[in-house]
Amino acid sequence: MLYFDDKQSLVAEILARYPSSPQGKRSALMPLLREIQNAHGFVSEPHMAEVAALIGTTATEVRSVLSFYSTYHTMPTGRFHLQVCSTLMCALAGSDELWDHLTETLDVQPGEVTADGFSVQRVECLGSCGTAPMLQLNDEGYYEGVTRARCDSLIAAMRAGSAPETDHPVPVVVDADGRQFLATGEAVGANTDSLYPLSTKPKSASSGGSV
Amino acid sequence: MKVTVDGLTLELPAGTSAIDAVFQAGQDVPYFCAHPYLSPVGACRMCLVESGSPRKNPDGSFIMDGEGDAAMPKIFWFPKPMAACTMLATEGMHIRTAASSEVVGKSQAGMMEFHLLNHPLDCPTCDKGGACELQDRAFEYGYGESRFGFERRHAEKHYPLSENVILDQERCIHCKRCVRYFEEVPGQEVLDFIERGGHTFIDTAEGGLPDGFSGNITDICPVGALLDNVARFRGRNWEYDHTSTTCTLCPVGCSITVDARNGRLERIVAGENREVNEAWICDAGRFGHVFASESRLTTPLIRNEDGVLVPVTDDQAVEAIKRGMAELDARELAVYFSADSTLEEGVAAEAFAGLTGLSSIDHWPRQPGYGGVFPTLTEIAQADAVVVLGADLAEEAPVLELRILEMLRGGLLPAEFNHGTAIADLRLVERPARKRERLAVLASTPNRLMEHAGIYAELDAKSALAGLTGTSNHPAVQGAAELLSKGEHSILILGAEALASLDTASRSALQAFSLRTNTRVLALPAGANSRGLSALNLVPRSGGLSFEKFAGTQAALVSRLDPLATGTDKPDFLIVHDTHLTATARQADVVLPALSNYEKRGTTVNLEGRLLPLRPAALKNGESGDLIRALALIAEALDLKTSVRGIRGAQSLLGERLGLDVTELPIHGLRTPLGQRYEAAAPKYIPKLWKWGMKRADFPNSNRPDSELPQIGGMIELPVVPGTTVPAPKTTFAGGDD
């Protein structure tokens with residue numbers, strides 16, 4: 001059975017967020033992928049084809065979008081999915097060495113999951129350049145300024161069964177309504193209800209949203 | 001609109017992109033991602049230029065620079081270089097290229113260094129070498145060395161995207177031309193970037209590229225990443241003899257360049273013809289040329305006393321024809337030839353018929369046409385309502401399909417400049433909106449074009465046509481009829497199936513319908529040059545036999561047709577003029593070697609009535625000659641003095657007839673009235689694009705009786721009967737532009 005077969009109302013709800021034109025329908029790609037990923041932890045090829053059929057595009061297109069974002073996975077990830085930022089700032093601060101140390105210690109390569117539930121991935125900039133090198137645990141949060149010693153202690157704690165508290169939760173999270181929140185709980189950006197065409201925007205509301 | 005490029009001020013039409021302004025000014029910028037028939041996206045960042053524009057004061061006057069008479073509008077330069085391909089040139093804009101700006105030169109060299117970071121240095125083994133945009137531009141605009149001290153990216157080097165297209169992922173520079181091509185031109189989103197940043201590669205998740213138009217990506221790839229697998233490793237670009245000619249596999253008449261090496265046809269690439277195929281050709285036209293260099297006949301053959309075909313000289317062949325025809329009158333000879341023969345060959349056949357008084361003359365395939373003023377391909381691309389009825393364009397005229405898809409995108413033909421078609425026409429956009437409701441497809445079996453049509457139905461041509469011109473309660477037929485009557489530029493395209501179903505009643509109903517709805521009708525010709533040959537008297541005269549009654553003739557010349565492949569009886573005396581030893585040739589009394597259309601000089605007429613030139617590629621073909629030569633040999637055997645003995649005579653006769661000089665045809669062709677049409681009843685014929693011998697895999701030497709024959713240089717070496725004189729092999733090239 002396909003994933004969305006018994007979730008037609010959810011599909012209709014997601015599609016309703018976007019214009020009904022063929023171009024607009026394609027915008028539902030990312031939320032649909034997110035649904036599958038949240039349920040299975042990864043998106044398999046049949047699921048890519050399923051999403052493609054739902055939004056009227058090809059599996060190639062779906063795979064292209066999916067593979068662009070490191071937050072979508074095409075293979076199962078472990079209980080502790082460690083994502084090492086490897087963009088320039090972190091690289092200058094030693095992320096290559098961190099990566100080597102991590103993969104050697106855990107004896108794991110991207111795409112693999114160890115018996116004790118570790119998986120690793122190199123990702124592009126996570127926006128924490130000031131505290132490089134750093135890594136992200138699952139979708140939860142950042143460990144920053146990760147030295148070799150800190151890396152070892154993180155791994156030891158995870159092997160013992162529980163991950164230490166992250167230094168920072170993931171900076172911006174999105175709730176079911178599409179609203180964005182900072183880790184502190186402060187709302188940022190705007191949802192569609194709070195948007196006005198410029199011509200009709202009341203003067204008092206001009207200081208409303210902040211991004 | 002006045003634009004100044006490197007100090008030279010020129011007048012340009014509004015809407016010109018900065019890159020075209022630069023080229024129009026005679027200057028140059030490098031570019032990889034822009035392509036005349038694709039949307040400009042600014043992906044490669046090579047066409048960087050400095051640019052600036054004047055600004056106005058609030059009162060509308062220009063902000064000036066300088067004092068008194070010397071004051072000029074002040075140019076406000078952009079702080080950084082801009083990509084010229086995605087920038088619209090505006091009134092008073094100033095542009096500096098590398099020729100006048102050090103910043104631009106350095107930016108371009110820097111971008112080139114980035115492009116080459118991960119590009120392997122395998123030019124010596126790369127098929128693109130010598131004709132590579134990256135190689136040329138690196139030489140012109142690069143630093144000449146790299147500062148990148150790390151290991152290059154390694155990826156798949158022989159990744160088959162399909163049977164015919166091989167991808168080298170290491171060579172790809174991510175210009176996105178192939179991705180945009182598939183999305184914008186055939187409308188198939190089958191290729192895309194996978195991953196991101198330095199890991200990006202091109203791939204498909206559809207299990208291979210679709211058939212039809214995939215080969216075009218090998219032409220537009222600016223590097224050696226996408227390669228034509230049929231031509232791969234067959235030659236270097238500087239070794240090829242390039243011949244610009246016209247493809248005659250179908251009646252579209254695409255412009256192609258035939259690349260031959262050592263007398264073998266190794267590669268076909270698309271030529272540009274803005275009016276016909278723009279820059280695209282179909283996969284059959286590109287990859288289906290194997291037969292031109294495999295197992296060719298190179299000398300005449302005659303049947304000896306033992307009933308074996310043996311190679312002979314032209315004179316011996318003439319003698320054999322004379323012997324065979326001794327008991328017969330010249331009028332008894334029937335002449336049948338392929339409908340992709342040139343107009344020159346047609347004129348020669350017509351003259352031969354006049355000379356001998358023969359009545360059985362025919363060309364094949366042939367089917368009833370439909371007169372009237374037919375639209376051009378550009379008019380189809382710019383129409384607002386098109387109905388395709390009883391046609392499978394994928395088999396009958398593939399590139400016409402692309403022009404119809406262009407119609408759905410609004411029929412935007414890029415502008416033309418001194419340097420040719422606009423390099424970046426900013427009206428072309430990525431993911432263009434398509435007006436599917438402008439297209440209706442009615443055919444008896446599902447076909448590729450239906451996927452793009454707003455209205456489609458599986459209906460047999462006869463009832464679809466009757467419903468369209470009369471009344472119907474089928475919603476798709478009603479929709480199609482409404483589409484045509486509402487459209488201002490409506491076009492009805494009739495394919496083989498529809499034409500076969502035409503009778504007197506449906507013909508007059510169609511005529512009335514097209515008058516009433518102001519619809520122009522394009523009847524697809526059956527053969528590549530059917531449109532042209534139908535203007536010559538090449539149909540059976542009174543008492544003559546048509547091609548399908550070939551078995552009833554006493555003596556026949558059959559040129560590049562294979563009626564005995566399906567096993568009918570042969571005439572008493574059979575002369576075959578063909579490129580290969582076909583089933584018919586095997587039963588012939590005399591075989592004359594023929595030229596393929598890649599080696600001919602002549603003129604063909606495409607489906608829109610455009611005269612297009614054929615030019616001879618340098619292929620090894622021994623003693624082969626065209627139909628004009630075959631007829632001249634037969635005339636000699638019959639002691640007749642023919643006025644058309646060669647291509648010159650045929651061309652001057654044709655020129656008199658058409659009132660123009662066919663030797664001076666532009667490569668883009670010329671539309672001219674062809675005059676009277678000669679029609680005769682014809683059997684139903686459903687065209688197939690891929691024919692025998694076009695693929696290496698289906699070249700079945702193994703299951704043919706001559707499999708044990710030794711082959712030398714791809715040609716059949718026939719067994720020699722002791723005591724026969726074998727003509728010395730002569731190496732002739734019907735090549736070059738002699």
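## Where chain A meets chain B

The contact draws on 12 residues of chain A and 13 residues of chain B. The model is predicted. On the side of chain A that touches chain B, helix H5 (residues 59-68) of chain A gives the largest share, seven residues. Sorted by class, this side of chain A holds three nonpolar, six polar and three charged residues.

### One residue at the contact

Ile194(B) sits in strand E11 (residues 192-194) of chain B. Leaving out residues up to four places away in sequence, Ile194(B) touches Arg63(A), Ser64(A) and Ser67(A), as well as Phe201(B) and Asp203(B). Is Ile194(B) buried or exposed? Ile194(B) is buried, because 20 other C-beta atoms lie within 10 Å, and a residue counts as buried at 20 or more. Ala284(B) is 90 residues from Ile194(B) along the chain, and 29 Å separate their C-alpha atoms.

### The domains of chain B

Chain B is split into the domains in this table.

| Domain of chain B | Residues |
|---|---|
| domain 1 | 2-113 |
| domain 2 | 148-293 |
| domain 3 | 301-367 + 537-716 |
| domain 4 | 377-523 |

Take domain 1 and domain 4 of chain B. Their centres, taken over C-alpha atoms, are 41 Å apart. The two domains also touch: 17 residues of domain 1 of chain B are in contact with 13 residues of domain 4 of chain B. By class, the side of domain 1 of chain B that touches domain 4 of chain B has 12 nonpolar, four polar and one charged residues.

Terms used:
Residues are numbered from 1 along each chain as its sequence is written. Chains are lettered from A and ligands numbered from 1 in the order in which they are written. This is a predicted model: local features need pLDDT of at least 70, side-chain atom pairs count only at pLDDT 80 or more; totals for chains, interfaces and linings use all residues. Two residues are in contact if their C-beta atoms, placed from the backbone, lie within 7 Å. Helices (H or I, at least four residues) and strands (E, at least two) are DSSP runs, numbered from the N terminus. Ala, Val, Leu, Ile, Met, Phe, Trp, Tyr, Cys and Pro count as nonpolar, Asp, Glu, Lys and Arg as charged, and the others, Gly among them, as polar. Domain bounds come from an automatic or database domain assignment. A residue is buried if 20 or more other C-beta atoms lie within 10 Å of its own, exposed if 12 or fewer, and partly exposed in between; C-beta atoms are placed from the backbone.
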